[in-house]
Amino acid sequence: MRHGGKEYDSKPIWAVAHKWDADVARPLKVNEFSGGAADTVKKLQALGFEVVKEPSNPDWTWDEHVLALELYMRDPTTTPGHGSKEVLELSALLNALARRSGLVGNDRFRNPNGVYMKLMNFRRLDPAVLAEGKKGLSQGAAGEERVWNAYLGKLDELRARAAAIRLAIDDAEVDLVPAADDYEAEEGGVVLRLHKSRERDRKLIGKKKAQVLAQTGKLACEPCGFDFREAYGDVGDGFIEAHHRKPVSTLKKGEKTRLADLALVCANCHRVLHKRGLMAVEDLAKLIGIRRAPA
Ligand SMILES: [Zn+2]
Ligand SMILES: [Zn+2]
C-alpha cells in the first residue's frame with residue numbers, strides 16, 4: 001500500500017496497528033491474519049492509506065510458449081527442475097525479451113518457478129506421459145494447447161522458430177516492441193520484428209533501388225508489376241517497400257543482408273508475402289500471373 005508517496009507491505013502495518021486497538025492492545029501474530037482482505041483494505045483506506053493491487057502478470061505470448069515447448073521437447077522424459085540451469089536460463093531470457101518488448105509484470109514475472117510450472121503444464125498435454133498414467137498439472141492456459149498442437153510432429157520447425165526468437169533477442173539492434181502496422185503473419189511476434197529490422201536498412205534499400213532503376217528504368221513491384229510513379233505521378237516517385245526473401249529462421253547470427261536478398265514489393269504484395277509464414281516472391285508472381293491470364 002502507499003502512504004505519503006512511499007510503498008509499504010500491508011501486513012506488518014496492519015499487525016502493529018492492533019497495538020493501538022483497545023480490544024487487542026498488542027500486535028497481531030502471523031497466525032492471527034485471516035482472509036478478510038476486504039475489511040482490512042477498508043480500514044487501511046479509512047486511515048489514509050492508498051491500497052494498491054500488485055499488477056498481475058500478462059499471459060504468456062506465442063513466442064514465450066515456443067521457447068518453453070522447445071525446452072520441454074529437449075527431453076520429454078525428464079522435465080528440468082525449478083533450480084536447474086535450463087530453467088534459470090529460460091527465466092532470464094524471458095525477462096530480457098519482456099524488457100526489450102515493453103512487457104511489464106510484477107517481480108515474479110516468468111520467475112524460475114513460473115517457467116517450471118509451464119513445463120509441467122506441457123507434461124499434461126504429452127500423450128507419452130499420460131500413457132504412463134502420470135499426470136502433469138491439471139490447470140493450464142489455452143495458449144499451451146495451441147502451441148502444442150501447432151508443432152505436433154514438427155520438431156524441426158519448433159527448433160527453427162525457437163532459434164529465430166533467440167536470435168532476435170540476442171540482436172540488440174532489433175526493436176522488439178510490437179508496432180501498430182505489424183503484418184498479420186504466422187512469422188509474427190519477435191521473429192517478424194527481426195525480419196522487419198533487416199528490411200529497414202536504408203543504405204542497402206537505397207542501393208537496391210538504384211540497381212533496379214539502372215536495370216529496368218523503373219521501381220515496379222516484383223510480384224505484381226505495380227509502379228507507384230506510373231500510377232501516382234511525382235508523388236509516387238521512389239515509393240516502394242523492400243522485402244527480405246529469406247525466412248528469419250534460416251539466417252545465421254551476424255549474417256549480412258545482400259542486395260540479392262531483397263525484393264522490391266508494393267505494400268499489398270508485402271502483406272500477402274507475409275500472410276502464410278513466408279511465401280516466395282516468385283511463387284506470388286506466378287500466382288498473380290495465373291489469376292490474370294485470360295481463361
Ligand atoms: Zn517482408
Ligand atoms: Zn505488388
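Modeller: A definition before we start: two residues are in contact if their C-beta atoms, placed from the backbone, lie within 7 Å. With that in hand, and keeping in mind that this is a predicted model, here's the overall picture. Of the contacts in the protein chain with a separation of 6 or more, 61% are between residues 24 or more positions apart. The chain has 13 helices and 4 strands, and buried residues make up 23% of its 295 residues.

Let's zoom in on helix α4, which runs over residues 85-101. Its 17 residues reach 24 Å from the first C-alpha to the last, close to the 24 Å expected at 1.5 Å a residue. Which of its residues are buried? They are V87, L90, L94 and L97. These four cover an arc of only 85° around the axis, so they sit on the same side of α4. And what covers them? The cover includes α3 (62-74), α5 (112-125), α8 (155-170) and α9 (189-199).

Now follow the chain out of α4. Just after the helix comes G102, with a positive phi of about 75°. Further along, in the loop between α4 and α5, you'll find R110. Most residues other than glycine have a negative phi. R110 isn't a glycine, yet its phi is positive, near 45°. R110 is also buried, because 23 other C-beta atoms lie within 10 Å, and the cut-off for buried is 20 or more.

Two packed helices are described by the angle between their axes and the distance between the axes. For α5 and helix α7 (residues 142-150), the angle is about 60° and the axes are 10 Å apart. That angle makes α5 oblique to α7, and their crossing is right-handed. Where they meet, N121, F122 and L125 come from α5, while E144, E145 and W148 come from α7.

As for α3, its axis and that of α7 come within 10 Å and cross at roughly 65°. This crossing is right-handed too. On the α3 side the residues are W62, H65, V66 and L69, and they meet G143, E144, V147 and W148 of α7.

Key
Residues numbered from 1 in each chain as written. Chains lettered and ligands numbered in written order. Predicted model: local features only at pLDDT ≥ 70, side-chain atom pairs only at ≥ 80, totals over all residues. Helix = DSSP H or I, 4+ residues; strand = E, 2+ residues; numbered from the N terminus. Buried ≥ 20, exposed ≤ 12 C-beta atoms within 10 Å, placed from the backbone. Expected span 1.5 Å × (residues − 1). Arc of directions from axis to C-beta. Axes fitted to C-alpha atoms, helices over the stretch in contact; angles between N-to-C directions. Parallel < 35°, antiparallel > 145°, perpendicular 65-115°, else oblique. Left-handed = near helix turned anticlockwise from the far one by under 90°.
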